Amino acid sequence: MDEILRPATEWELKSTMAVLGERQIPVEVIGAGSKRGVGRPVAAPVAVTTSGLRGIPLYEPTELVMTARAGTPVSQIEVELASRGQMLAFEPIDPGPALGAQAGVQTIGAVFATNLSGSRRIAAGAGRDYLLGVRGVTGRGEVFKSGGRVMKNVTGYDVARGLSGSWGTLAVLSEVTFKVLPLPDDVVTLAFMGLTDDLAIELMSTALGLPFEVSGAVHLPASLVRRLKHELRTEKQAVTAIRIENFTRSIVYRKARLKEALTAYGAPLELDLESSLRLWGELRRLSVFPNDSHYLWRISTTAKAAPRLVGAIKRHMPVETFYDWGGALIWLETPASADAGAADIRRAVAIHGGHATLIRADPEVRHAVEVFQPLSPAIERLTRGLKAAFDPLGLLNPGRMYATM
Amino acid sequence: MPSIELQPPDRSVIARRGAIVRDLMALIGPEAVIADEDGRRTFETDALTAYKCLPLAVVLASSTEEVAKLLRYAKANGVKVVARGAGTSLSGGALPAEDSIVVGISKMSRVLEIDYEGRWARVEAGITNLAISAAVAARGFFYAPDPSSQLACTLAGNLAMNSGGAHCLKYGVTTNNVLGVKIVLMDGEIVDVGGPHFDSEGYDLLGLIVGSEGQFGIITEATVKILRAAEGARPMLIGFESSAKAGICVARIIASGIIPVAIEFMDRPAIAVCEAFAKAGYPLDVEALLIVEVEGSEEEISDRLDYIAQIAQELNPKVVEMSASAEQSARIWKGRKAAFGAIGRLSDYYCMDGVIPLAHLPYVLDQISEICAKHGLQVANIFHAGDGNLHPLIMYDANDAREAARAENAGAEILKLCVAVGGCLSGEHGIGIEKRDLMRVQFSDADLAVQMRIKSVFDPDWLLNPGKVFPLDAQESEASGREAPPRPASGAEAA
């Protein structure tokens, strides 16, 4: 990388992109760069960062809406929201620390460009579900907008949502508008001890099928519980954690009903507000996966299939697993190897259903294997078509998602 | 009346109608093809009844494979296709074109698979919205989006328009409640997008497809989220002497940290009509009525409604009344859900669907009254206040061409007003033909070009649901830009 360009306004961003386009110079698109290690290594002589585009031009707490420039750090946004008793309900994970970057630096533009979400995915959705509108610059160097600042909007195609999860390969976002929600008054976590993966998933599915709005359901085997900083580490056994968030009076009631319905799984520990916030905060930063030489996969599947999928992979390599989303999301730590276990993992995913993404591996490995879920021929054709429509010269993050795009 | 120009049909296709009908009968079977004029008449319009157009033929498909065959044939022969669910579109989204085949999918209405543990259901897209909830109700689950037409409208149409409903304040709209679709592209290819798992990596094709107004392909199956219903739900009525106070009340409820499942607003004319129809017990002496619903256990509901009542009391409301029974709740909702029908019994109406930032509510409601008065028309307002999605119902006489034209003009002015205050043209009904020519009010040519290029990726020949969403001249300029890369040879061009 020779140079990082840092436009300070959307106009500067557009001008930068136009000049790069004229000279057909490929460009790596980054925010704070904390997720730069995800995806295939980008071969580009220049990088452009949105981190110079900062600020919150619009925040209307009574309308549950905020507009922020793409380079605004998420931490700044969350502080601003908390000052009015609100939050990013989709609770985006902060993968920075697991990738060797600082915590709290990622930008709001990148959160939507990569469609992050967190444990509240099961109850509240992902980044894509909160995105109301975007402004940005396409690979053609043209400024465009999509969506708007109102909660409901079907005016034209949903281009904003289409850009979520495109990892800067279609356009550089300059501004995002999103829905926010009130912070819960109170949080309680029920931590069940010593369950096998199968039983844990059964418990989580049961809890999520009850009318008590469980907003987090995770399972950590004993080996990962030991890595927690949270006091649960002293339990030295698997932990299955169920979170409820609401007004205190509701929580008291719902907690009792949940415990009643889940008696078969033993008596849970109860974590109060403060203890809950620490646990879920730690999980949000993926703290059970320190930035070491192991590789890290993220597998989205169904809860029902998850234990068998993990079982199939375990036949080929030793892994550590953290189940989120009631079991529908598997974080998988694998030993470092030439293909990061891709062949075996992809085979297991093909059999049991879902999608797998290699989140952390050495650059040469990420260069050699497919990092994102391989595309079916029809989806690949559409993906190529969209890439050509937004970025016909293939200048934005070339090769980051797929080797030939 | 109609002042919106329909896309000029391809006369050469119309001239081949006889051959096309014969081909369709051979392809799918004669019993699935409706070719006689009376039969086609049934499909000539949708819920935007001012516009009518007889299609070449109607085919009622009963499988994904049949849809694939039909589209492959249509593409090869350069024939346009309009997909149709129940035909309840308020924006002309299902209006046929004279040179098009209508492909109806309402026969494809089966529930294919339900997974309560995983909380999803896989269904054929012709199923009605309400039938999905009905299929899972016994286990206490439901499908969340609830457009007013939910008894009739199909999931396919909901997906095409990204429909909302009264309860989307809490549960989101269609796009937030669908996990995957099976879509047939115009070249007949059957593509599975997403699945029962969350968030497929790669470009969010599902996000693009939902809300694409039937212009990207025909969805034949979908995997939707089903949610465990709350233990109970109960609405309350809050009446005010002015809409401004109602607007402030909504803002204060939301700012307090409570997100009710629904906050609906009715103005005086709407209250009168709905009360006469449903006997819901709405107060008749208020200018603005809010229906606020919360969910939970009986105790939680009481807690929450009391709290909302306190917020309302600070604004000196004329009425605060909590529903006392399931029966009263049902009546309160019946009045709201039947609003369009009730007004329809009094008059023809033109239903708008603009969205505004809530802070502008009093100003916008004043302006709507002024605009309609200027055009000599009555208007009733019923809408989803929690998310600022307005539904002014402009009443007019469809048999009076000039009055009808005035209604359209008033509607266009109202939508421009919505955009001017920071809102948008459509919150849940879609653009269709109705708002097509207003798209430039909201979007620049560059914005539209981005959208139209996406259309060209999915449907390079622009054969699906033609003449809608984009102003006709914008469609033409996109078409002329597309000539550069060679288009795939189609049978029509060869013929």
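Leaving aside neighbours within four places in sequence, which residues is B:Ala342 in contact with? The first legend answers this.

This is a predicted model: local features need pLDDT of at least 70, side-chain atom pairs count only at pLDDT 80 or more, and totals for chains, interfaces and linings use all residues. Residues are numbered from 1 along each chain as its sequence is written, while chains are lettered from A and ligands numbered from 1 in the order in which they are written.

**View 1. The surroundings of B:Ala342.** B:Ala342 sits in helix α13 (residues 339-346) of chain B. Helices are DSSP runs of H or I with at least four residues, strands are E runs of at least two, and both are numbered from the N terminus. Beyond four places in sequence, B:Ala342 is in contact with B:Val273, B:Cys274 and B:Phe277. Contact means that two C-beta atoms, placed from the backbone, lie within 7 Å. The C-alpha atoms of B:Ala342 and B:Cys274 are 6.2 Å apart, although 68 residues separate the two along the chain. B:Ala342 counts as buried because it has 22 C-beta neighbours inside 10 Å. The cut-offs are 20 or more other C-beta atoms within 10 Å for buried, 12 or fewer for exposed, and anything in between for partly exposed, again with C-beta atoms placed from the backbone.

**View 2. Chain B as a whole.** Chain B has 19 helices and 18 strands. Its radius of gyration is 23 Å, close to the 23 Å that the globule rule gives for 495 residues, so chain B is as compact as a globular protein of that length. The radius is taken over C-alpha atoms, and the rule is 2.2 Å times the number of residues to the power 0.38. Of the 495 residues, 58% count as buried.

**View 3. Chain A against chain B.** The contact takes 68 residues from chain A and 74 residues from chain B. On chain A, α14(A) gives the most, with seven residues. This side of chain A divides into 26 nonpolar, 28 polar and 14 charged residues. Nonpolar covers Ala, Val, Leu, Ile, Met, Phe, Trp, Tyr, Cys and Pro; charged covers Asp, Glu, Lys and Arg; the others, Gly among them, are polar.

**View 4. Domain 2 against domain 3 in chain A.** Chain A is divided into domain 1 (1-183 + 375-405), domain 2 (186-284) and domain 3 (295-370), with bounds from an automatic or database domain assignment. In chain A, 14 residues of domain 2 are in contact with eleven residues of domain 3. The largest share of the domain 2 side, seven residues, comes from α7(A).
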